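This report describes the fold of one protein chain and then turns to its side-chain contacts and its surface. Please keep the sequence and the structure in view while reading.

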Amino acid sequence: GEGTLVTLKVYDILGNEVATLVEDFIEAGRHEVEFNAENLSAGMYLLKLNSGSFQRQIKMLYLK
């Protein structure tokens, strides 16, 4: 199979999208993503993962 469309995006606290880390069809399993945050300001961010009907939001505090 082709897998499921998976998106992994980072949003600032105002809801603005600041990065798309993944937007692709991915097979089930364990995956790793590298995220270079050096252009972001310190503060709170939301990581949003969507995979089919599965949705998860993770709060992330970025300290410089």
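In what order do the four strands form the open sheet? The order is β2-β1-β3-β4, and the pairing is antiparallel. β2 and β4 stand at the edges with a single partner strand each, so one side of each is left without a neighbour in the sheet. From one strand to the next, the twist averages 15°; the axes behind this angle are lines fitted to C-alpha atoms, and angles run from 0 to 180 degrees between N-to-C directions.

The model is predicted: local features need pLDDT of at least 70, side-chain atom pairs count only at pLDDT 80 or more, and totals for chains, interfaces and linings use all residues. Residues are numbered from 1 along each chain as its sequence is written, and side-chain values use heavy atoms, with hydrogens and water left out.

**Overall architecture**

The chain has zero helices and four strands, and its elements run β-β-β-β from the N terminus on. Helices (H or I, at least four residues) and strands (E, at least two) are DSSP runs, numbered from the N terminus. Along the principal axes, the C-alpha atoms fill a box of roughly 40 × 20 × 15 Å. Of the 64 residues of the chain, 20% count as buried; buried means under 20% relative accessible area, exposed over 50%, and partly exposed in between (1.4 Å probe, protein chains only). Among contacts (heavy atoms within 4.5 Å) between residues at least 6 apart in sequence, 40% join residues at least 24 apart.

**Strand β1 and its partners**

Strands of a sheet pair through backbone hydrogen bonds, either parallel or antiparallel. Here two strands count as paired if DSSP finds at least two bridges between them. β1 runs antiparallel to β2, and eight bridges join the two. Along this pairing, Thr-4 stands opposite Ile-26 in β2, and Val-10 stands opposite Ala-19 in β2. The hairpin of β1 and β2 has four residues between the strands, and Gly-15 takes a positive phi near 90° there. β1 also pairs with strand β3 (residues 43-51), in the antiparallel sense and over seven bridges. In that pairing, Val-6 stands opposite Ser-51 in β3.

β1 is mostly covered, with seven of its nine residues buried. Thr-7, placed in strand β1, counts as buried at 13% relative accessibility. Leaving aside neighbours within four places in sequence, Thr-7 is in contact with Val-22, Glu-23, Lys-48, Leu-49 and Asn-50.

**Salt bridges**

A search of the whole structure finds two salt bridges, each defined as a side-chain nitrogen of Lys or Arg within 4 Å of a carboxyl oxygen of Asp or Glu. They are listed below.

| Salt bridge | N to O distance |
|---|---|
| Lys-9 and Glu-17 | 3.6 Å |
| Lys-9 and Glu-23 | 3.8 Å |

Glu-23 lies in strand β2 (residues 17-26) and Lys-9 in strand β1 (residues 4-12), so the pair ties together parts that are 14 residues apart in sequence. Lys-9, Glu-17 and Glu-23 are linked in a network of salt bridges.

Glu-17 counts as partly exposed at 43%, and Glu-23 is exposed, with a relative accessible area of 52%.

**Surface**

The chain exposes about 5100 Å², and carbon and sulfur atoms supply 48% of it. Accessible areas come from the Shrake-Rupley method with a 1.4 Å probe; for residues, only the protein chains shown count as cover.

Which residues form a nonpolar patch on the surface? Ile-13, Leu-14, Met-44, Leu-61 and Leu-63 do so, with about 580 Å² of accessible area together. Patches are made of residues with over 30% relative accessible area and no salt bridge: like charges are joined within 9 Å, nonpolar side chains (Val, Leu, Ile, Met, Phe, Trp, Tyr) within 5 Å. Leu-61 lies in strand β4 (residues 54-62) and is exposed, with a relative accessible area of 54%.
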